[in-house]
Amino acid sequence: MSFVPGMPVSVVVERIEIKKLCQGDNLILGFSIGGGIDQDPGQNPFSEDKSDKGIYVTRITPGGPAQDAGLRMGDKIMQVNGWDMTVVTHDQARKRLTKKNECVVRLLVTRKSLEQAVKHSMGSCQRP
Amino acid sequence: MDNESTYSGYSYKSSHSRSSRKHRERRDRHRSKSRDITLRGDKSVSIQAPGEPLMDAESTRGDDRDDNWGETTTVVTGTSVDSISNDDLTRISKDLEDSSPLECRRYLSPALGAVLGLFALVTPLAFLALPQLLWRDTLEPCGTPCEGLYISLAFKLLILLISTWALFLRPPRATLPRFFIFRCLLLALVFLFVASYWLFYGVRVLDSRETDYRGIVGYAASLVDALLFIQYLALVLLEVRHLRPAFCLKVVRTTDGASHFYNVGYLSIQRAAVWVLDQYYSDFPVYNPALLNLPKSILSKKMSAFKIYNLGEENSTNNSTGQSRSMVAAAARRRDNSHNEYYYEEAEVERRVRKRKARLVVAVEEAFTHIKRHQDEDATVSSPKHPREVMDPREAAQAIFAPMARAMQKYLRATRQQSYHSMESIINHLQFCISHNMTPKAFLERYLSPGPTLQYLDTSRGRQWTLVSEEPVTASLRQGQVFSLRRLDFSLVVTVTTLPFLHLGEEFIDPKSHKFVMKLQSETSV
């Protein structure tokens, strides 16, 4: 998951679709994000590379739409509805996730276990 | 001229008034204020009379209370305050010899300056007066323009006189070993100037009996202008040039390592030496020889443990070096515990001093509670049966000195300051403090910390210092020079370094550009 600035990033991603839940006036997704290019990357407990300023999932509300959709704590969000999330400020990320006129957000997330799973499957015979 | 420096009085800085000095020197270069200045006498100050106390403030000798002196020395030098030891005698005689040749040399330069100044002052007036006296009838009458020139001449002369008095008629505070180059230059310039004016005047005016009086007056006015400009030059060379700091001088006293750093401008070595000495008297703590030595009991144990035996060697030429080298090697190999003793001795001394200081402070505080300033309205309040006796400060001081005398004496002995403070001086100081309403702490500040040398100095005598330098003392200061100022038993070593050149850059900060972000990982729930 480490990246070299200026070079294209290639990671294994999982596509997750979360339906927003209507709670009164708000549409909630059920997780918390941390990170962004205006934040201090050294304090991110989930990133491998401590200079990684991407958006990470820091908390999942149990029973919320995000957990049902398969989002895990520690996931790095690469895209939201086609918008890039690797080089955004924290506030921009929040805005992209909480647009009022969208009911569904389609995320591309990556995590370490995905890489390992792909390596395993490529190394040994195909998993069922 | 030799390199012996005789320092008895010199002043070139314009910022201090020297009128309080007892010896006044005449240093006018161009002008003297009026005729009667030269009639005032000068008081000579630098003779060290034999009746002076032997322990003068700067060079105390022979009174360290070293308890082991009986065992480790074979010649007893100074044992009590009242006896004169051999070195004191030689010192006194040397001082007596040194001070007498001062008298003539000191007055030579100011006298020369005064004569030249007087000459220069009289010249314009002579230029004006001579034609009037000699060929008055043939002179062309000259009305208003001449009067205008007379007025301007008068005012310029007045300004010259006032500024000469302000700048140059100050008592000098030092005599320098070699000629003061700028001053000589200016004297020569004035002499050349006035001489050439006289030459021109003599040839063109006196010989040919010039009748154009206005021209003569204009000529005299131009001389006064030129003298004003020379005075401006003198002001710049002597007073202003050395004000901007260019060098940093490190001054270290050789006996106890007390050091200070000073910033000075462009000066010659001798002028810088005088400046350093001025600062020395008020910045450096007084030199107390009794505080210097490690007790002999600690140092003497080092080398005494080994004896060297010479086994069967015929030639003894390299005996001594071999012996000392082997002793040094043996002493180095031996486990050395003298630092331990030094440490404990130091701690002991410090503890003793602190205890005595505590006793002293308490005694003084208590003594001060015994007296109170007498207010006049209290007179009616005090009962007639116990009339309070009204004392003047001297009696009050003597009255309260008794309870604190012993504590004071013990404290001074512990800090080895007893030679600087006699009972008389303590009572005087007490009287001074009482009359100025000082608290006990203010009274004690004089004794608790060793003050600057100036505090203990008897200012009526001159001070003899020797400037020791490898380069000629009229050379300007340069990076890396070292010279020293020697007195009888210690010297000050001065090292010169240039102040660094400063590259000052500029950075403009927009006041609106001060923005901050929190350095936390903020978490937003979506």
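Mentor: A residue is called buried under 20% relative accessible area, exposed over 50%, and partly exposed in between (1.4 Å probe, protein chains only). The model is predicted: local features need pLDDT of at least 70 and side-chain atom pairs pLDDT 80 or more, while totals for chains, interfaces and linings use all residues. Residues are numbered from 1 along each chain as its sequence is written, chains are lettered from A and ligands numbered from 1 in the order in which they are written, and side-chain values use heavy atoms, without hydrogens and water.

Trainee: Why is Asp256(B) called partly exposed?

Mentor: Asp256(B) has 36% relative accessibility, and this value lies between the limits of 20% and 50%, so the residue counts as partly exposed.

Trainee: What makes Asp256(B) and Arg253(B) a salt bridge?

Mentor: A salt bridge requires a side-chain nitrogen of Lys or Arg within 4 Å of a carboxyl oxygen of Asp or Glu. The N to O distance between Asp256(B) and Arg253(B) is 3.0 Å, so the pair qualifies.

Trainee: Why is Arg394(B) with Glu424(B) said to tie together parts of chain B?

Mentor: The closest N and O atoms of Arg394(B) and Glu424(B) are 2.9 Å apart, and the pair forms a salt bridge. Arg394(B) lies in helix α11 (residues 393-414) and Glu424(B) in helix α12 (residues 423-435), so the bridge joins parts 30 residues apart in sequence. Helices (H or I, at least four residues) and strands (E, at least two) are DSSP runs, numbered from the N terminus. Arg394(B), at 24% relative accessibility, counts as partly exposed, and Glu424(B), at 44%, is also partly exposed.

Trainee: How do you know that the length of helix α4 of chain B agrees with expectation?

Mentor: The expected span of a helix is 1.5 Å times one less than its number of residues. For the 24 residues of α4(B) (residues 144-167) this gives 34 Å, and the end C-alpha atoms are 34 Å apart, so the values agree.

Trainee: Which residues of α4(B) are buried?

Mentor: The buried residues of α4(B) include Cys146(B), Leu149(B), Leu153(B) and Leu160(B). Leu160(B) has 0% relative accessibility, and therefore counts as buried.

Trainee: Why is Pro172(B) called buried?

Mentor: Pro172(B) has 6% relative accessibility, which is under 20%, so the term applies. Pro172(B) lies in the loop between α4 and α5 (181-206) of chain B.

Trainee: What makes Lys76(A) and Asp52(A) a link between distant parts of the chain?

Mentor: The side chains of Lys76(A) and Asp52(A) meet in a salt bridge at 3.1 Å, N to O. Lys76(A) is in strand β6 (residues 76-80) and Asp52(A) in the loop between β4 and β5, 24 residues apart. Both Lys76(A) and Asp52(A) are buried.

Trainee: How many salt bridges are counted between chain A and chain B?

Mentor: The count between the two chains is one. Glu523(B) and Arg59(A) form a salt bridge at 3.4 Å, N to O, and this distance is within the 4 Å limit.

Trainee: What area is buried between chain A and chain B?

Mentor: Buried area is the accessible area (1.4 Å probe) that two parts lose on being put together, summed over both. For these chains the value is about 1200 Å², of which carbon and sulfur atoms give 46%. Gln39(A), Asp40(A) and Gln43(A) supply 33% of the area that chain A buries against chain B, more than any other three residues.
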